[in-house]
Structures are given as C-alpha cells and as structure tokens.
Amino acid sequence: MAKPGHAWNRSRSLEEDEDEEDPVDAMISRTGCAAQHRELQECMAARQDWRHCQAQVRAFGECMARRQRTEG
C-alpha cells in the first residue's frame, strides 16, 4: 500500500525557481498590458483592497479588451 502524502521530491533549488519567469507574468507580458498589470499589483500591495484601485483595474481591463478586439 502507498504511503500517505505524495511522492514528489523537490529536485530544484529555490534560486532556480526564482530565475524562471512566472507563467502568468509571461502570459501578461505577451498581451502588451504588463505595465497596467504591474501598476494594479503595486496598488493592491499598497492598499490591500481592490476597491481603492479602481483606476488601475479599469486601465488593465481596457488594455486587455483592446488586445482581445485586435485578436478577434
């Protein structure tokens, strides 16, 4: 019978993980909306409440909407 837990072993160091770009960040970079996303993240980190970051939410949403219109 299998042991409880998982059989996954960490074979990479934390430093190696930090060197790789986050897949979500890579996807957002490809959209051309990385600057708006970064501003939204910075606001969220500072304010801890998305309701105080509505200008950034709108700017990011509008950028993503423009991207979808040009692709579609």
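**The disulfides and their surroundings**

Modeller: Happy to! Let us begin with cysteine 43, which is buried because its relative accessible area is 10%, and buried means under 20%. Please keep in mind that this is a predicted model. Cysteine 43 is joined by a disulfide to cysteine 53, with 2.0 Å from S to S. The torsion about that S-S bond is -90 degrees, and the link of cysteine 43 and cysteine 53 is left-handed. Cysteine 43 belongs to helix 3, while cysteine 53 sits in the loop between helix 3 and helix 4, so this pair ties together parts that are 10 residues apart in sequence. Cysteine 53 is buried as well, at a relative accessible area of 0%.

The count of disulfides comes to 2. The other one joins cysteine 33 to cysteine 63, again with an S to S distance of 2.0 Å. Here the torsion about the S-S bond is about -90 degrees, so this disulfide is left-handed. The pair links distant parts of the chain, 30 residues apart: cysteine 33 is in the loop between helix 2 and helix 3, and cysteine 63 is in helix 4. Cysteine 33 counts as buried, at 0% relative accessibility, and cysteine 63 is buried with a relative accessible area of 7%. If you number the bonded cysteines in sequence order, the pairing reads 1-4, 2-3.

Now for helix 2, which covers residues 23-31. After helix 2 comes glycine 32, with a positive phi near 85 degrees.

Helix 4, which spans residues 54-71, is also the place of glycine 61. Glycine 61 is partly exposed, with a relative accessible area of 37%. Its C-alpha atom is 9.2 Å from that of histidine 37, a residue 24 positions away along the chain. Arginine 66 lies in helix 4 too, and this arginine counts as partly exposed at 40% relative accessibility.

Technical notes
Residues numbered from 1 in each chain as written. Predicted model: local features only at pLDDT ≥ 70, side-chain atom pairs only at ≥ 80, totals over all residues. Heavy atoms only, no water. Helix = DSSP H or I, 4+ residues; strand = E, 2+ residues; numbered from the N terminus. Buried < 20%, exposed > 50% of the residue type's maximum accessible area, 1.4 Å probe, protein only. Disulfide = S-S within 2.5 Å.
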